[in-house]
Amino acid sequence: NIKEIEDPLSIISNLQGVTFNWKTNPNGNQQIGFIAQDVKNVLPQVVVGDEESGYGISYGNVTALNLEGVKKIWKKIQGFADKIITRKIEFHIATGDEMHLHNKLCIGQTCVNESQLKDLLANVNTSTSQGGDNSSDQSSGSNNSVTVSIEIKGNNPAEVELNTTYSDLGATATGVDENGIEHNISYKTYLNGEEVTNITLDTSTTSIYTIEYKAEYQGQTATAQREVRVIDSTLNDSHTDQSNTQDSTPPTITVNPTEVTTEAKQPYTDSGVTAQDDTDGDLTNQIQTTGEVDINTLGTYTLYYSVSDSAGNSATSTRNVTVQDTTSPTITLNGDSNITLSIGDTYTEQGATATDTLDGDLTNQIQTTGSVDTSTPGTYTITYTVKDNSNNEASATRTVVVEGQSQNNNQSDDNTSTSTATTTQSGE
């Protein structure tokens, strides 16, 4: 499980070197080093011991960190040197100065040959119409964008013999910024769509596996896939004397459709995948499916299909399944949906409850609008509205009828009331 040290400069910058004296010899010569308890929070790999016996630092292990940090700094220095040369060339081009190139062009102690100069000039804006100042402004405003790439090591597709152990050679992920500086980038490995740390293949039967390598850095992503075939070479050898009739045509997997949507929280049944072979006929029942669909989480999931015929020829295919939420919540009124009151009665808002198949209880998110004036006869409507996290909306209404004769405008009655609902109700 060998990996490169990630961001060594950041780790070094968080280490604090100190001078100190040992408790056993407070008047002795001052020592130089680190406080183990502080280092433990930044680089626990070099700290030994425990709280009971005391902590110590394995300074030899810090050497690797320092070495990687120096290499990073050196690359940055080289990048800055190239950039300085480029800016100097831009200035000469923009101002129309005459330049002479013999074997090398040197600025101070930094020199480039003709080939290196052409590479530097490839990204230089040689237009003189904008002048030197504009060229400088454009350079200072550009982004340090990184181009991420990933390259598979070894054969692709790769083959492994039946009942033997497969050893994956992995991949190399790099990022090159606008200054041509390479950055070492880690990557993740997926086996048939599932992230793995160590790749272990079942080689007991002929089959096909898909290994995906995925690198992400500063918002940029690069992927590469390797196909690994488990083969039975003895089966192929038995056909060597019949080369004219040997089956070398792989089966055909048909996935219809290749893009599927399914509703969240509803059972998903995979169907519509068949396999046919010119020699062996229908191989649908021998299709191996890997990957899974999580109906409790919105997103897109990939299912991988593979099948092999009796000659060891194999085929693969995939399907993308998108779990979506299009189901609206359900609102249930507390109490009757139709209420009749007499003038002077008091209207008490009873509220409602709301549930959603994916988001659960949404009662506290119900918006209640409308009012009831029990001093004035008429029909009033209270509306309850709620949305789930997928913006699906549901609503329900309650009708309140106030009956009776309106009181004289010059009289007042303490028993009359007006109930107004315009805020989010709590479901009480």
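This short talk walks through a pocket, a surface patch, some salt bridges and a few backbone features of one predicted model.

Before I start, please keep in mind that in this predicted model local features need pLDDT of at least 70 and side-chain atom pairs count only at pLDDT 80 or more, whereas totals for chains, interfaces and linings use all residues. Residues are numbered from 1 along each chain as its sequence is written, and side-chain values use heavy atoms, with hydrogens and water left out.

Rolling a probe the size of a water molecule over the atoms shows where empty space is left. Here, a pocket is an open set of points on a 1 Å grid over the protein atoms alone, where a 1.4 Å probe fits, with protein on both sides within 12 Å along at least five of seven lines, and its lining residues have an atom within 4 Å of a point. The largest pocket holds about 1700 Å³ of space, a volume taken as the space filled by probe spheres set on the points, which are joined across faces, edges and corners. Its lining has 50 residues, and those nearest the centre are Glu4, Glu6, Ile185, Ser186 and Tyr187. Which element gives the most to this lining? That is helix H3, with 7 residues, where helices (H or I, at least four residues) and strands (E, at least two) are DSSP runs numbered from the N terminus.

Helix H3, which covers residues 59-95, also carries Trp74. Together with Ile73 and Ile77, Trp74 forms a nonpolar patch on the surface, with about 310 Å² of accessible area. A patch of this kind is made of residues with over 30% relative accessible area and no salt bridge, and nonpolar side chains (Val, Leu, Ile, Met, Phe, Trp, Tyr) are joined within 5 Å, while like charges are joined within 9 Å. The areas come from the Shrake-Rupley method with a 1.4 Å probe, and for residues only the protein chains shown count as cover. Trp74 is itself exposed, at 51% relative accessible area; exposed means over 50%, buried under 20%, and partly exposed in between, with a 1.4 Å probe and protein chains only.

Now to the charges. Side chains of opposite charge can pair when their charged atoms come close. The structure holds 7 salt bridges, each being a side-chain nitrogen of Lys or Arg within 4 Å of a carboxyl oxygen of Asp or Glu. One of them joins Lys71 and Glu68 at 3.1 Å, N to O, and because these two residues are 3 apart in helix H3, about one helical turn separates them. Lys71 is partly exposed, at 42% relative accessibility. Another bridge pairs Lys214 with Glu216 at 3.8 Å, N to O, and here Lys214 is partly exposed at 28%, as is Glu216 at 49%.

Finally, the backbone. A cis peptide bond, with omega about 5°, joins Asn156 and Pro157, and Pro157 sits in the loop between strand E7 (146-152) and strand E8 (158-161). The bond from Asn256 to Pro257 is cis too, with omega near 0°. Asn163 is not a glycine, yet its phi is positive, near 65°; Asn163 is found in the loop between E8 and E9, and is exposed, at 58% relative accessible area.
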